[in-house]
Amino acid sequence: MDKVTSAVRLPKDRSIRKGKWIGARVERVEDPRFLTGAAKFVADLELPRMLHAVFVRSPHAHARIISIDKSILPGLGETTFVFTGEDMRDVPPLIDVVTLETLLKTPQHSLALGKVRFAGEAVAVVTHTDRYVAEDLAELLGGGIEYEILEPVANVAAAGKAEAELLHPDIGTNEVYRETETHGDVEGAFEAADQTFSLHFHHNRYEAAPMETRGVLANYERPDSQLTVWSSTQMPHFLGSIIAGKLSLSNQRVRVIAPEVGGGFGQKMCTSPEEIVIPWVALQLGRPVRWIEDRREHLLSATHAKEQFVNLEVAVKTDGKILGIKGEFIGDGGGYSFNTESALIEPALAAKAFPGPYRLETYQETVAASLTNKSPAAAYRGVGWTACNAAREIVIDEVARGLGIDPADMRRINMLNADELPYKSITGQIYDSGSYKESLDKALEAIEYPMFRAEQKRLREKGRYLGVGISSYVEQTAWGSDSSAQAGTPLPSHDNSTVTMDPGGKVTIGTSVSGHGQGHETSLAQVAADGLGIDIADVRVLHGDTLTSPYGLGTYASRSAVIGGATVARASADVREQVLRVAGRMFEVSPEDLLIEDGIISVAGAPSLSKTMAEVAFAAYWDGSLRDDEPGESHQPLLSSTRFYDPPATYSNGCVVVLTEVDTDTGVVRLDRIVVVEDCGTVINPMIVDGQVHGAIMQGIGGALLEHLIYDEDGQPLTTTYMDYLVPTAMGMPNMEVHHLETPSPFSIGGIKGMGEGGQVAAPAAVANAVADALAPFGARITHFPLSPDNILRMIGKIE
Amino acid sequence: MATAKHAVEFIVNGEPADTLVEARRTLADVLREDLDLTGTKLGCEHGVCGACTVIVDGRATRSCLMFAVQADGCEITTVEGLDVEGKLDFVQRAFTENHGLQCGFCTPGVLMSVHSFLKDNPNPTEEEIRIELSGNICRCTGYQNIVKSIAAAAASR
């Protein structure tokens, strides 16, 4: 075993049983309830005596709260209840759990206490039985709040000024982190270089904007001291632990249910302060309380993402070989270094993933994060890897243009070969396997690259500007203890699935992964069906409710196929063994002589000796003669197993190539073709994988061309409705052409890798490079997103 | 803070319904809360995202931008009116066969929009589908499989 592989902790047996289901394009079992309107999201749930909660939010970006006059509200204490940060002052604030010594912490009270740090921060919550009246009351109360306005810190540059107001005076600075790590002889690399290139890139602030905004329904039943919380969350068990901790309850008495969740994309993984406030209010009032965020509130106060300044210097040889890179990654963290993952979710992850699919042997990374008066930055599909990939792929193209080398060749010169993997990158990321050159080649083959270049030349002579943009990516997946540590923000974890077969031979699975559109009820059923030799119609997957699912960390960071898949496969294998032990006793043969196919258990070589799964299961439960109490080989009547998995990091990869035409009169970018090559190892359901690729690419395109959260110099948000914050629609988009390679992971169970973020990681760079390529005759350089028409026109000097 | 209430009645999914509402109460809220038809979703409440689309007197309508009193006497179809005792209709079938939904939140609005425009244009081109669909935002699917589902639905007729 090579040195790299031996460094990874691996279970000996990593195989899973694959039959007719894994790899099959199976229609989703969960679809009918969504198609018929029967699926219930938080806003669809109602309880008797329920109160509607509305938050009063700060209109100021930075201010001290002087007073809140509750007395102006009619019916106070009778039909109207109001709570402020002062009322909640004994509830511990939310905080990040990243274990980096020099990272300064910024505790966040769930309702602002003493001061507000972004326009939209919640300062009070009002309840009433009528939601419309509750909104009226909230507006009324807003008028009764006195603030002392403080100088806003509008952006990172302002945050660093000596005279800047401090958002958190306790820590004495607005910069919560700044560290530099040097790998290899970087200075030597720059001395040996034939040329150096630099890029200063500002990645835009945008956000997940799931179709379903956030929402929380909480009910406290005093007789049982039972708190039940329904939240549109990606991490029900984790949220339950956080709520229990903050509200001084035992985990045992806190049940969290993620009902249907209408998209999360990472934004619903960290704890929203509202997820503490609403349960706390329910506790005070002993009755159900429900808050449903509206879209304006969402654009204002849900977490934001992606905004980074990436400053790069690249040392190269004339032949295109990259000798070394210096990179500075600065995150605009917003008003708080947000709970769970901190403001480093952007810059630290960017810095550690920067080498990507390339052989980078010297590298200096500076990671920094600043506080500003904006809604806090937190996870969003692709996290810091989007800005990292964008900056890296853009600079590679610039270097290629500068050296007169074809950008595809520039990549090939520096790319790792498949047979070099497993490979430990200079930042300590262990790439298990991959197809970097192969996916690049396949993408370029799909667009007929040489022909495109000829066409591009021909049309340029006619004053039309076509461009091709390449973006190669490596995507870290299967976030567990290993991945999070390799990513730069260690967070130890494990997950579980329980597989149980009932006396009728049907299977119910409780899993800790928590679907919100990914089709886990189908893909995990496929894994169990193959593991047990039954039909997926006989498998039911339960998730999202802490009462019926075992403990785990939920779904984010592309972990559920690997972790859900592995835990279900392992637990299914156990149950299969239990079933065969029972059947063996029924047939009086060794379990090794038995086969299972399509729910029929038969003796190998004697197919007439067979029983149905239902018959064997029934016998297991009810036939006392088949049980025995011998330790070790004992047969238990209840057919069930719970297995955990904390996976090694796995790395998917691919290549996105975009063809564009830029209208140099209007600045409009038209995407002509989008080609994606995706390699995520062993595939469970290719239909679901393609759907994830489509969605991720579209969100990446949104970030590159349209989506932008804008604040003015006073920290006032200017994009608070869908009229201002533009998201992609169906119109004007070409179909995405998705190709697959399948390079299994040598590390994970079943060779499964995660996927789902690659498109958002890689697409912005592909769009940027296509635009830069199209506008190369103008010497245009991409310095910031989005590539809106006015940005384009400025790039080519048509407007100031 | 009591305000006057108005009696309104509609035919919803073929059945008569009536309720008392304040003038400012939206049709979406009345459908969802007064009539317990929670299939219709609210994604923005300012008329952009299309999740609240229902059919009112034969026309696709943003129920978040309509007051319930404006719909008094109208015939309304919501997503709950599409399936027949659990049997999916031709559009719903096409969506599940073509993976036209992921989280499902935009889906009811999309299905109602689709029904509306397939009535006017039963054999749309892909470009026409994309234009008609541009009034419904989806964040999960990238639209591709929704377009495919709609084309399949049209072809299945």
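Predicted model: local features only at pLDDT ≥ 70, side-chain atom pairs only at ≥ 80, totals over all residues.

Guide: Residues are numbered from 1 along each chain as its sequence is written, while chains are lettered from A and ligands numbered from 1 in the order in which they are written.

Visitor: Why is Val229(A) called buried?

Guide: A residue is buried if 20 or more other C-beta atoms lie within 10 Å of its own, exposed if 12 or fewer, and partly exposed in between, with C-beta atoms placed from the backbone. Val229(A) has 26 C-beta neighbours inside 10 Å, so it counts as buried.

Visitor: Where is Val229(A) found, and which residues does Val229(A) touch?

Guide: Val229(A) belongs to strand 10 (residues 226-231) of chain A. Helices (H or I, at least four residues) and strands (E, at least two) are DSSP runs, numbered from the N terminus. Leaving out residues up to four places away in sequence, Val229(A) touches Val216(A), Ala218(A), Ile243(A), Val256(A) and Pro279(A). Here contact means that the C-beta atoms of two residues, placed from the backbone, lie within 7 Å. Val254(A) is 25 residues away along the chain, yet its C-alpha atom and that of Val229(A) are separated by 7.6 Å.

Visitor: What makes strand 7 and strand 8 of chain A edge strands?

Guide: Look at the order first. Five strands of chain A form an open sheet, 7-15-14-13-8, with mixed pairing. Strand 7 (175-183) and strand 8 (195-203) of chain A each have a single partner strand, so one side of each is left without a neighbour in the sheet. On average, neighbouring strands of this sheet are turned by 5° against each other, direction ignored.

Visitor: How do you know that strand 7 and strand 15 of chain A pair?

Guide: Two strands pair if DSSP finds at least two bridges between them. Strand 7 and strand 15 (residues 363-370) of chain A have eight bridges, in the antiparallel sense. Glu179(A), for one, has Val367(A) in strand 15 of chain A as its bridge partner.

Visitor: Which strands does helix 10 of chain A lie across?

Guide: Helix 10 (residues 383-403) of chain A lies across strand 8 and strand 13 (308-316) of chain A, and runs at about 145° to strand 8 of chain A. Axes are lines fitted to C-alpha atoms, for helices over the stretch in contact, and angles run from 0 to 180 degrees between N-to-C directions.

Visitor: How do you know that the buried residues of helix 11 of chain A line one face?

Guide: In helix 11 (residues 407-414) of chain A, the buried residues are Pro407(A), Met410(A) and Arg411(A). Seen down the helix axis, they fall within an arc of 95°, so they line one face of helix 11 of chain A. The arc is that of the directions from the helix axis to the C-beta atoms. These residues pack against helix 10, helix 12 (436-446) and strand 18 (465-477) of chain A.

Visitor: Why is strand 2 of chain B said to lie largely in the open?

Guide: Strand 2 (residues 15-22) of chain B has eight residues and the number buried is zero, so it lies largely in the open. Strand 2 of chain B pairs with strand 1 (residues 5-12) of chain B in the antiparallel sense over eight bridges. Glu9(B) stands opposite Asp18(B) in strand 2 of chain B. The hairpin of these two strands has two residues between them, and Asn13(B) takes a positive phi near 50° there.

Visitor: What are the domains of chain B?

Guide: The bounds come from an automatic or database domain assignment. In chain B, the assignment gives domain 1 (5-81) and domain 2 (90-156). Their C-alpha centres lie 21 Å apart. In the contact, 14 residues of domain 1 of chain B meet twelve residues of domain 2 of chain B.

Visitor: How many residues does each chain give to the contact between chain A and chain B?

Guide: Chain B gives 44 residues and chain A gives 45 residues. Helix 2 of chain B gives the most to the side of chain B that touches chain A, with four residues.
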